[in-house]
Amino acid sequence: MKTEDISNKLIINANDESSAIKPNEALFIHDFIKGHNIKKTLEIGFAYARSASHIIQATQSKHIAIDPFQSNYDNLGLKNIENLGFSEFLDFRNDFSHNVLPKLAAENHKFEFVFIDGDHKFDGIFIDFYYSDLLINKNGFLMFHDTWMRSTRLVTSYIKKNRLDYKEIKVPLRNLQLFQKVGDDTRNGMFFKEFYTLRSILSHNLIIWMTTGKSNIFKKTLFKLKELVK
Ligand SMILES: C[S@@+](CC[C@H](N)C(=O)[O-])C[C@H]1O[C@@H](n2cnc3c(N)ncnc32)[C@H](O)[C@@H]1O
């Protein structure tokens, strides 16, 4: 099956398209993973399996996906994986990441690529980063989705300022942020750098305003502009 056709084959509930990553983001992830010959992958936040299906297409290997709320999506993520013939590659964990990730770490699992797209609150993303760091191989990659969100930006700003064992790799898509673990964490207990950032303060509040409450012509125009800027 052609990778470009996967998104069209996915069943996604009407009006819930925004729960999945965008088709161009999924293609980017696919090409990145394939280009780096990555095989060991993990993701937090499965939903409709758009990211999972493209990761599996790229690796044709076992992929661990964590999500406690698959039933909220009518189990469509699992059905999509089955329809694509990818079930043998999916190791789905129907649980919260804060339960699964420590177990994976205790079992000494290691991954070359981790995709964080689960709980989007600051503390949830930070916990996912904390454990993903324990799970990632040296030279492995860590990718965040929804970097328009203030919560995500603060976590990635923390990494940039405090985690010198990570290097940011610029990607051409605005809503993804990618890091590579390039060294060891040699901080002593006193090490701390401020990581407050102004980035995304505006975009976060603007998008929240645009997507909640009554729609109006101004909101609709801004949405059109946002799509055009992509
Ligand atoms: C934006 S969606 C993920 C979209 C998915 N990557 C895709 O491309 O279809 C976020 C997902 O994270 C899940 N989630 C929320 N809190 C979580 C947690 N604590 N642990 C794991 N997954 C969580 C939600 O159930 C939801 O399915």
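Among contacts in the protein between residues at least 6 apart in sequence, what percentage join residues at least 24 apart? The figure is 73%. Keep in mind that what you see above is a predicted model.

Let me start with the overall build. The protein has nine helices and seven strands. As for burial, 37% of the 230 residues count as buried.

Next, the domains. The protein divides into domain 1, residues 3-194, and domain 2, residues 200-230. Between their C-alpha centres there are 26 Å. Where the two domains touch, domain 1 supplies four residues and domain 2 supplies five residues. On the domain 1 side of that contact, two residues are nonpolar, two are charged, and no polar residue takes part.

Last, the ligand. Which residues come closest to the ligand? They are Gly45, Ala47, Phe69, Gly118 and Asp119, out of 21 residues that surround the ligand. Sorted by class, this shell holds eleven nonpolar residues, six polar residues and four charged residues.

To recap: the predicted model has a domain 1 and a domain 2, and a ligand surrounded by 21 residues. That is all I have for today.

Notes: Residues numbered from 1 in each chain as written. Predicted model: local features only at pLDDT ≥ 70, side-chain atom pairs only at ≥ 80, totals over all residues. Near = placed C-beta within 6 Å. Nonpolar A, V, L, I, M, F, W, Y, C, P; charged D, E, K, R; others polar. Domains from an automatic or database assignment. Contact = placed C-beta atoms within 7 Å. Helix = DSSP H or I, 4+ residues; strand = E, 2+ residues; numbered from the N terminus. Buried ≥ 20, exposed ≤ 12 C-beta atoms within 10 Å, placed from the backbone.
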